[in-house]
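Here are my notes on this one, as numbered points. Have the model open while you read.

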Amino acid sequence: MIAALFPGQGSQEIGMGKALYEGSRAAREALDRAEVTLPGLLRLMWEGPEEELKLTANQQPALLAVGYAAFEAYREAGGPPPDFAAGHSLGEWTAHVAAGTLSLEDGLRLVRKRGEYMQEAVPVGAGAMAAVLKVPAQTLQELIAGITGVEVANYNSPEQTVISGTAEGVAQAAEVLKGHKARVIPLPVSAPFHSSLMRPARDRLHADLFQVEMHSPRFPVYSNVLAQPETRPALIRELLLEQITHAVRWVEILQHLKQKGAKTYLEFGSGKVLTGLVGRTLDGVEARSLTNPREIAEHLAVVR
């Protein structure tokens, strides 16, 4: 069984999607549609500047466009449809576009607004995030339980958990965690994502999300909030909103996918972040990143 995975913020890079555009008709059509929807997006993806691409309101639609284009190139090349799909944070939106829950155009417009609202929810410098290594998630939760202004944002792998919140709260938590031999790495992000501080963004996105048409996905898409698949459009809307303020339960999603029988994990889009997380979380499975036509062809040549 196949699980399609779609990455979130941090996987962007200058030149993303150009090989797909040049080597796949289906990917080119998808990226042309993205450019019509958000003019200037392709130039930014291919030429930068990098600092502009890193802006939350830009990298979210860029990652969605490239993830969807890679998936379309895979399907055009004869890749079998996935049995399941999951996306890390923003990637959950890409998964729903790939599954037909949302149109590409609606998805792009919504994540552009999502990025703008998330950036505007907290003044620059007031929030922070940090990756914590070498401390089990349960222990981390216990250590930060009494600290105001810090929450778990991402359960990325058994050895990596991300915290988010106010700059003061994250700094205090970092000192406590370092005292218990944890490695704490501040993340270069512009806002404290997946924390309760993002509530204004969630509330603003509500009206936008409820104005677009949504369908039942063609294959089950996992919710970051539930760590379970959801196929009912009405609940998918609510979960996409709740995702903004809730932790990404990636470890549980991967474990559940394996329990369901997924043996092959294909990461579509830019980078190899999720491929690495699969390798650090699951044993006895195959994980591959498919970022260009060559990688897609190599994978399909092996499985045919």
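1. Start with what surrounds the largest pocket. Helix 4 (50–54), helix 5 (56–76), helix 7 (104–121), strand 4 (150–157), strand 5 (160–166) and helix 13 (273–281) each give at least two residues to its lining. Helix 13 has the largest share, with four residues. Helices (H or I, at least four residues) and strands (E, at least two) are DSSP runs, numbered from the N terminus.

2. A word on provenance: this is a predicted model, with local features needing pLDDT of at least 70 and side-chain atom pairs counted only at pLDDT 80 or more, while totals for chains, interfaces and linings use all residues. Residues are numbered from 1 along each chain as its sequence is written, and side-chain values use heavy atoms, with hydrogens and water left out.

3. Back to the pocket: its space comes to about 780 Å³. In total 31 residues line the largest pocket, and Q9, G10, S11, L187 and V189 are the ones nearest its centre. By class the lining splits into 13 nonpolar, 14 polar and four charged residues. The classes are: Ala, Val, Leu, Ile, Met, Phe, Trp, Tyr, Cys and Pro nonpolar; Asp, Glu, Lys and Arg charged; the others, Gly among them, polar. A pocket here is an open set of points on a 1 Å grid over the protein atoms alone, where a 1.4 Å probe fits and protein lies on both sides within 12 Å along at least five of seven lines; lining residues have an atom within 4 Å of a point. Grid points are joined across faces, edges and corners, and the volume is the space filled by probe spheres set on the points.

4. Next, helix 2 (residues 25–37) against helix 5: the axes come within 7 Å and cross at roughly 155°. Helix 2 is therefore roughly antiparallel to helix 5 (the cut-off is an angle over 145 degrees). Axes are lines fitted to C-alpha atoms, for helices over the stretch in contact, and angles run from 0 to 180 degrees between N-to-C directions. The crossing is right-handed, that is, the near helix is turned clockwise from the far one by less than a right angle. R25, A26, A27, A30, L31, R33 and A34 of helix 2 touch A65, V66, Y68, A69, E72, A73 and E76 of helix 5, contact meaning heavy atoms within 4.5 Å. The contact of helix 2 with helix 5 has 10 nonpolar, no polar and four charged residues.

5. Helix 6 (residues 90–98) and helix 7 have axes that come within 9 Å and cross at roughly 165°. This pair is therefore roughly antiparallel, and its crossing is right-handed. From helix 6, L90, W93 and V97 meet L104, G107, L110, V111 and R114 in helix 7. That contact divides into six nonpolar, one polar and one charged.

6. For helix 10 (residues 199–209) and helix 11 (residues 233–242), the packing angle is about 150° and the axes are 9 Å apart. These helices are therefore roughly antiparallel to each other, in a right-handed crossing. R202, L205, H206 and L209 in helix 10 meet R237, L240, L241 and E242 in helix 11. By class, there are four nonpolar, one polar and three charged residues in this contact.

7. Two backbone spots to look at. G48 and P49 are joined by a cis peptide bond, with omega about 10°; P49 is in the loop between helix 3 (41–47) and helix 4. S89, a residue other than glycine, has a positive phi near 60°, and sits in the loop between strand 2 (84–87) and helix 6.

How values were computed. Angles under 35 degrees count as roughly parallel, over 145 as roughly antiparallel, 65 to 115 as roughly perpendicular and the rest as oblique.
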